[in-house]
Amino acid sequence: MAERERNESTPLENDPLAAELHELGQHLEVTPAPAAGQVAAAVRARLESAGVPAGGRSARPWSQLVFRAAAVLAILFAGLLVVSPQVRAAVADLLRFAGIEIRQGQGPQVPPSGRYSPLPGERVTDLDTARELADFPILVPAALGPPDTVVVADGEPPRVVSLLYYPDAESPPSAPAGGEQPMIRIDEFHGSISPVFMKYVDQQAEPVAIGSYLAFWIDQPHPVLYVDRGGRVQEELARLSGRTLIVEIGDTTVRIEGDLDKERAIELARTLR
Amino acid sequence: MRKNRPRATKPRNRRLWNRALGPAVPATAEAVARSTGGGSTDDATAIARARAGDLDAYEVLVARYSAPAHRTAVLLGAGDDAEDVVQEAFVKAYRALGRFKPESTFRPWLLQIVANETMNLHRSARRRSGLALRLAQIGDPTPAGDDPAGAAVRDERRRLLLAAIRELPEKDQQVLTCRYFLELSEAETATVLGWPAGSVKSRLSRALVRLRTKLAQPLGEGVPGG
């Protein structure tokens, strides 16, 4: 890969068609851009009014997070009681913000499976390599220690990094695809750009606070679908997820799934480092 | 359960925290200003300051990159929504500054967010198809010493070229747009489109082959020269 990247200057550059395309680029219609100062002022106004913190934990004042969490909790609890379509839409929007879209309803029929379900382009690697490859911080629950198997999926940089823990730590399977269902599966991805997973739940997802971070607990098996980079929902990869905790920490959204009750899941999430 | 497994080692934790927080960034904008002597703000300094919450520094970055961001949004198909897309992208970029790797360049990183926002627009209710590339209505003035007939031939050639591009698969249009109309390198194109690094070259050469084939069809002859 790196070799090919370095080899930037290709014979194509001497291609008359390439030269023509470059020239065509000068003649394309581009609506006039607003003045740079105007864009800068508009963006600043939006950042100030929304109180958006800069990325990175250090820049997030605790009070803002609590306020945000409180606002979301208020809307979600309203959703539990009222369940009007408007509120449901608000809830879906808020959860989509963390890269997971939760929809109410049955969702597609998914065969219950005791097998491991791979994501597109999945390959096994190790934690250090996954950290080098991923463009978001990978968090590991200190309470579990390093995972038995680390899997990166969907391109480079990988869109999803999964940490798999098996009941028998001495002999983790080397290839998860088609293999044993892990006891705990932790999927991590950059949560703030576009949706990565879509879930269907009958009940509401339950909001829980983990420190100053907002999380959701889904207390039932539910269909989970993968949304690819182009925003297409991969129906064929639909699977039945176990009970799941979702937490957004900085840029990383973490989904902890497995044979866990709510308290244990929260306890694990608290030790994410 | 595995409560008794050894905890992650200290160095690993420290490294992780460093990743989460980014590189050692002075805690305040003043500290950055001191360490850099204040002068004109380069990208790295502006990013470090913005990360520390300095909106003035971020405003500098927005002003600096609003034009390429706008051009990217328009050419990737944002149409009349380009202004909204660009604003939204800058707001998201500010929020995501923590994951910006200091050794990388700000421009392609930002343009990736712009491209994502444009794709999100395609997926929204006002679903658009294709990149909607168009020739500028007002032709450029004929260069001095050039004859009007030659200019007309070139205009017609551009029209044919663009018509052929618009018939290509969307990914071909995206890769041609990034490489030739936005003048991004292959590596930058991969970043902006979120594709694997190795896939740009092959997609580009296939797109050029398809383009040549389309251009050859209406003319009934070989590949036209430049």
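Among the contacts in chain A between residues at least 6 apart in sequence, 60% join residues at least 24 apart; two residues are in contact if their C-beta atoms, placed from the backbone, lie within 7 Å. This is a predicted model, in which local features need pLDDT of at least 70 and side-chain atom pairs count only at pLDDT 80 or more, while totals for chains, interfaces and linings use all residues. Residues are numbered from 1 along each chain as its sequence is written, and chains are lettered from A and ligands numbered from 1 in the order in which they are written.

**The two chains**

- Chain A has seven helices and twelve strands; helices (H or I, at least four residues) and strands (E, at least two) are DSSP runs, numbered from the N terminus.
- Chain B has ten helices and zero strands.
- Of the 273 residues in chain A, 37% are buried; a residue is buried if 20 or more other C-beta atoms lie within 10 Å of its own, exposed if 12 or fewer, and partly exposed in between, with C-beta atoms placed from the backbone.
- In chain B, which has 226 residues, the buried share is 39%.
- For chain B, 63% of the contacts with a separation of 6 or more are between residues 24 or more positions apart.

**The sheet of chain A**

- Eight strands of chain A form an open, antiparallel sheet in the order β2-β3-β4-β5-β12-β11-β8-β7; two strands pair if DSSP finds at least two bridges between them.
- The edge strands of this sheet are β2 (123-125) and β7 of chain A, each of which pairs on one side only.
- From one strand to the next, the twist averages 25 degrees.
- Six bridges join β11(A) and β12(A) in the antiparallel sense, and Ile249(A) stands opposite Thr252(A) in β12(A).

**Helix α7 of chain A**

- In helix α7 (residues 262-270) of chain A, the buried residues are Ala265(A), Leu268(A) and Ala269(A).
- Viewed down the axis of α7(A), these buried residues fall within an arc of 100 degrees, so they line one face of the helix; the arc is that of the directions from the helix axis to the C-beta atoms.
- The cover over the buried residues of α7(A) includes β7 (206-210), β8 (213-218), β11 (244-249) and β12 (252-258) of chain A.

**The loop between β3 and β4 of chain A**

- Asp154(A) is placed in the loop between β3 and β4 of chain A, and its phi is near 60 degrees, a positive value in a residue other than glycine.
- Asp154(A) is buried, because 20 other C-beta atoms lie within 10 Å.

**Where a helix of chain A meets a helix of chain B**

- The axes of helix α3 (residues 36-50) of chain A and helix α5 (residues 82-95) of chain B come within 10 Å and cross at roughly 55 degrees; axes are lines fitted to C-alpha atoms, for helices over the stretch in contact, and angles run from 0 to 180 degrees between N-to-C directions.
- α3(A) and α5(B) are therefore oblique to each other: angles under 35 degrees count as roughly parallel, over 145 as roughly antiparallel, 65 to 115 as roughly perpendicular and the rest as oblique.
- Residues that meet here include Val39(A) and Leu47(A) in α3(A), and Phe90(B) and Tyr94(B) in α5(B).

**Two residues of chain B**

- Trp109(B) lies in helix α6 (residues 106-123) of chain B and counts as buried, because it has 20 C-beta neighbours inside 10 Å.
- Glu183(B) lies in the loop between α8 (170-181) and α9 (186-193) of chain B and is exposed, with 12 other C-beta atoms within 10 Å.
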